[in-house]
Amino acid sequence: MSIVCGLPLLECVYCLACARWAWKRCLHTAGHDSETWGLATAEEFEPVPRLCRYILAVYEEDLRHPLWEPAGGYGINPDWLIRKNTYEDAKGCAPPYIVYLDHEHADIVLAIRGLNLAKESDYAVLLDNKLGQRKFDGGYVHNGLLKAAGWVLDAECDVLRELVEKYPTYTLTLTGHSLGSGVAALLTMVVVHNRDKLANIDRKRIRCYAIAPARCMSLNLAVRYADLINSVDDFLPRTATPLEDIFKSLFCLPCLLCLRCMRDTCIPEEKMIRDPRRLYAPGRLYHIVERKPFRMGRFPPVVRTAVPVDGRFEHIVLSCNATSDHAIIWIEREAQRALDLMLEKDKIMEIPAKQKMERQETLAREHNQEHKAALQRAVTLAVPHAYSPSQYGTFSDLEEGDNSSRSSEGSSYGPSKKSTKKESWEEMIDHLFEKDESGHLLFKKPDNDNSC
């Protein structure tokens with residue numbers, strides 16, 4: 001009898017819990033995820049709207065006679081266009097892209113377009129993946145996107161190598177939108193591990209801007225490559241549902257996302273973080289915040305940035321503007337508005353040129369420190385295959401090519417094998433020290449024959 005009387009009470013508790021969950025989900029806005037992040041500066045955010053216009057230029061058949069040119073134009077000189085690859089050229093192996101030599105900004109740009117809903121080849125790239133199918137550099141990546149990245153490198157290797165050698169002071173920027181951003185992010189990793197194919201380009205010259213990226217790499221890789229890869233958020237990196245499941249599903253997209261959202265709510269974040277196969281948005285995250293709860297319309301955008309480990313956009317925001325905000329044209333407009341506000345603020349403050357240079361150097365140091373803190377945080381949270389950087393900096397190039405034991409299994413796009421072998425701590429100690437009779441370590445005395 002007592003059990004029967006307790007059933008209504010359990011039902012009330014259950015209903016209250018469901019109501020609380022629905023209330024929190026409906027009130028959750030995108031700004032909640034980044035409210036503790038720092039503000040981005042104009043210097044670091046300047047490439048974003050410009051690269052968005054370069055990506056838009058990929059959609060044009062003839063840049064000398066553009067049909068869908070945005071306000072202000074693409075900012076591209078057709079004479080500096082090195083290569084334009086179409087669907088016919090790629091033969092379904094990768095999305096279309098352009099290689100552009102930007103003399104104005106001392107930049108070699110490879111821009112990749114986003115998903116074409118009318119092209120089966122794009123779906124083939126997107127659907128070519130299963131959870132935990134492809135390992136790369138000690139983590140997991142999207143199999144189809146990695147294949148597309150490898151194809152692009154093989155196709156443009158000679159052109160990029162020639163440009164890198166001819167312009168040694170130019171940076172190599174890989175960028176893309178949506179599907180193309182995932183290809184660009186993985187292409188960055190492939191280039192880092194095959195720098196010998198690009199005239200041994202310095203790692204610091206390589207950078208990537210992934211606009212509205214797909215989840216394409218495991219958490220340890222996303223944090224490790226945050227010094228090279230920069231991602232601009234929208235709804236797609238928040239979608240924990242694998243993209244291949246979305247297009248294979250018989251249910252509508254909102255229904256599938258809702259069901260997945262309810263399922264992930266019941267899974268502790270610690271468990272999700274420790275799943276090595278779970279994919280995340282790559283690199284450093286930039287979040288353009290332009291909406292506030294219980295308010296209509298768009299507000300002056302504010303850009304926040306960080307290298308988060310936990311709380312890395314794990315919540316889907318319920319918004320009727322999710323799909324429209326994913327369009328590259330809207331991202332370009334809001335990014336340009338945000339940049340204009342930053343530049344206007346700097347102009348009002350009248351920052352001298354020397355102080356701007358000092359601020360850029362300070363920003364680079366802060367980003368480096370934030371990246372190291374994120375790596376350490378990943379180790380603290382027991383993220384699979386995560387490691388913290390050496391405090392002495394002696395093995396800082398660990399990720400640059402000596403990971404052959406953790407490279408992609410059976411992949412031709414893995415790290416290049418090095419002929420030189422790193423010296424372990426034990427070998428170094430044996431080389432520099434010797435033990436006396438009591439077992440204490442003493443510096444080895446130089447031989448008299450070799451002394452100067």
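## Second largest cavity

Asn 129, Lys 130, Leu 131, Gly 132, Gln 133, Arg 134, Tyr 140, Val 141, Arg 277 and Leu 279 line the second largest cavity. The model is predicted. This cavity holds about 40 Å³ of space. Its lining counts four nonpolar, three polar and three charged residues.

## Largest cavity

The whole structure has two cavities of 30 Å³ or more. The space in the largest cavity is about 40 Å³. Gly 138, Gly 139 and Tyr 140 belong to its lining, as do Ser 218, Leu 219 and Asn 220. Ile 273, Asp 275 and Pro 276 also line the largest cavity, along with Val 383, Pro 384 and His 385.

Two elements each give at least two residues to this lining: strand S6 (139-141) and helix H9 (219-224). By class, six lining residues are nonpolar, five are polar and one is charged. Tyr 140 lines the largest cavity and also the second largest cavity.

Strand S10 covers residues 229-232. Ile 229 and Ser 231 point one way from the strand. Asn 230 and Val 232 point the other way. All of these residues are buried.

S10 runs parallel to strand S8 (residues 206-211), joined by four bridges. It also pairs with strand S12 (residues 284-289) in the parallel sense, over three bridges. Asn 230 takes part in both pairings: Asn 230 is the bridge partner of Tyr 209, and Asn 230 stands opposite Arg 284 in S12.

Note on methods: Residues are numbered from 1 along each chain as its sequence is written. This is a predicted model: local features need pLDDT of at least 70, side-chain atom pairs count only at pLDDT 80 or more; totals for chains, interfaces and linings use all residues. Side-chain values use heavy atoms; hydrogens and water are left out. Buried means under 20% relative accessible area, exposed over 50%, partly exposed in between (1.4 Å probe, protein chains only). Two strands pair if DSSP finds at least two bridges between them. On a 1 Å grid over the protein atoms alone, a cavity is a set of points where a 1.4 Å probe fits but cannot get out, and a pocket is an open set with protein on both sides within 12 Å along at least five of seven lines; lining residues have an atom within 4 Å of a point. Grid points are joined across faces, edges and corners, and a volume is the space filled by probe spheres set on the points. Ala, Val, Leu, Ile, Met, Phe, Trp, Tyr, Cys and Pro count as nonpolar, Asp, Glu, Lys and Arg as charged, and the others, Gly among them, as polar.
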